[in-house]
Amino acid sequence: MDLREQAVFDIITAENELIHALEVYTAVFVDPLLFLEEPWDIFNTTDLQCFCDLITQMLQMHKSIAARLENSLDSGSNAYPVSDYKFLIDKYRHHSQLLPSVLDTWRHPVFKQVLRDGHKDSRVRGRQLEDFLFLPIAHISRMVVLLNSLIDATPSGHADL
């Protein structure tokens with residue numbers, strides 16, 4: 001495996017780790033909120049619904065990117081869909097802007113119960129909701145390092161640059 005393929009492999013590994021964490025987060029914290037018997041008007045509905053939708057969209061985008069990277073690597077293609085990360089960064093900016101209003105909902109008893117139930121779930125492995133909320137933002141820093149490794153291993157004039 002050459003340096004460029006290794007860089008893509010490392011990106012795929014990072015993507016799959018984030019995908020797994022977002023799947024756990026969605027199953028344990030988001031889905032129970034989306035299917036509450038209580039009416040959504042007990043929360044800041046717009047921001048919380050938007051936030052839940054955004055997490056679902058980001059999960060799908062990461063799955064798509066990881067699958068396309070894996071396909072490119074498996075097929076021996078020398079072109080990788082790295083330009084998709086600009087779109088993701090824009091989504092992360094929106095994600096971080098919604099966090100303060102979403103965190104305000106934590107005071108509500110129904111939300112607190114969802115948190116208590118979620119923290120008991122074995123898939124969470126001792127992590128708090130905050131850990132999951134900040135994973136996508138921390139992922140950006142990791143991706144900068146990994147994408148720089150890919151750029152360093154890419155010949156000048158390559159289509160990915």
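These legends describe close-up views of a predicted model.

**View 1. Helix 1 packs against helix 4**. Helix 1 covers residues 3–34, and helix 4 covers residues 109–120. The angle between them is about 145 degrees. Their axes lie 9 Å apart. The crossing of this pair is right-handed. Helix 1 brings V28, F29, P32 and L33 to the contact. Helix 4 answers with F111, V114, L115, G118 and H119. By class, the contact of helix 1 with helix 4 has seven nonpolar and two polar residues. No charged residues take part in it.

**View 2. Helix 1 packs against helix 5**. Helix 5 spans residues 129–152. Here the packing angle is about 170 degrees, and the axes are 10 Å apart. An angle over 145 degrees counts as roughly antiparallel, so helix 1 and helix 5 are roughly antiparallel to each other. The residues of this contact divide into 19 nonpolar, two polar and five charged.

**View 3. The largest nonpolar core has 43 residues**. I11, Y25, F29, L69 and Y85 touch the most other members. Five helices each supply at least two residues of this core: helix 1, helix 2 (45–75), helix 3 (84–104), helix 4 and helix 5. The largest share, 15 residues, comes from helix 1. In soluble globular proteins, nonpolar side chains tend to be buried together.

**View 4. Y25 and the residues it touches**. Y25 is one of the core residues that touch the most other members.

**View 5. I137 in helix 5**. S96 sits 41 residues away from I137 along the chain. Even so, the C-alpha atoms of I137 and S96 are separated by 7.6 Å.

**View 6. R125 in the loop between helix 4 and helix 5**. R125 has a phi near 50 degrees. That is a positive value in a residue other than glycine. R125 has a relative accessible area of 59%. Exposed means over 50%, so R125 is exposed.

How values were computed
Residues are numbered from 1 along each chain as its sequence is written. This is a predicted model: local features need pLDDT of at least 70, side-chain atom pairs count only at pLDDT 80 or more; totals for chains, interfaces and linings use all residues. Side-chain values use heavy atoms; hydrogens and water are left out. Axes are lines fitted to C-alpha atoms, for helices over the stretch in contact, and angles run from 0 to 180 degrees between N-to-C directions. Helices (H or I, at least four residues) and strands (E, at least two) are DSSP runs, numbered from the N terminus. A crossing is left-handed if the near helix is turned anticlockwise from the far one by less than a right angle, and right-handed if clockwise. Contact means heavy atoms within 4.5 Å. Ala, Val, Leu, Ile, Met, Phe, Trp, Tyr, Cys and Pro count as nonpolar, Asp, Glu, Lys and Arg as charged, and the others, Gly among them, as polar. Angles under 35 degrees count as roughly parallel, over 145 as roughly antiparallel, 65 to 115 as roughly perpendicular and the rest as oblique. A nonpolar core is a set of buried Ala, Val, Leu, Ile, Met, Phe, Trp, Tyr and Cys residues joined through side-chain atoms within 4.5 Å. Buried means under 20% relative accessible area, exposed over 50%, partly exposed in between (1.4 Å probe, protein chains only). Lists of a residue's contacts leave out its neighbours within four places in sequence.
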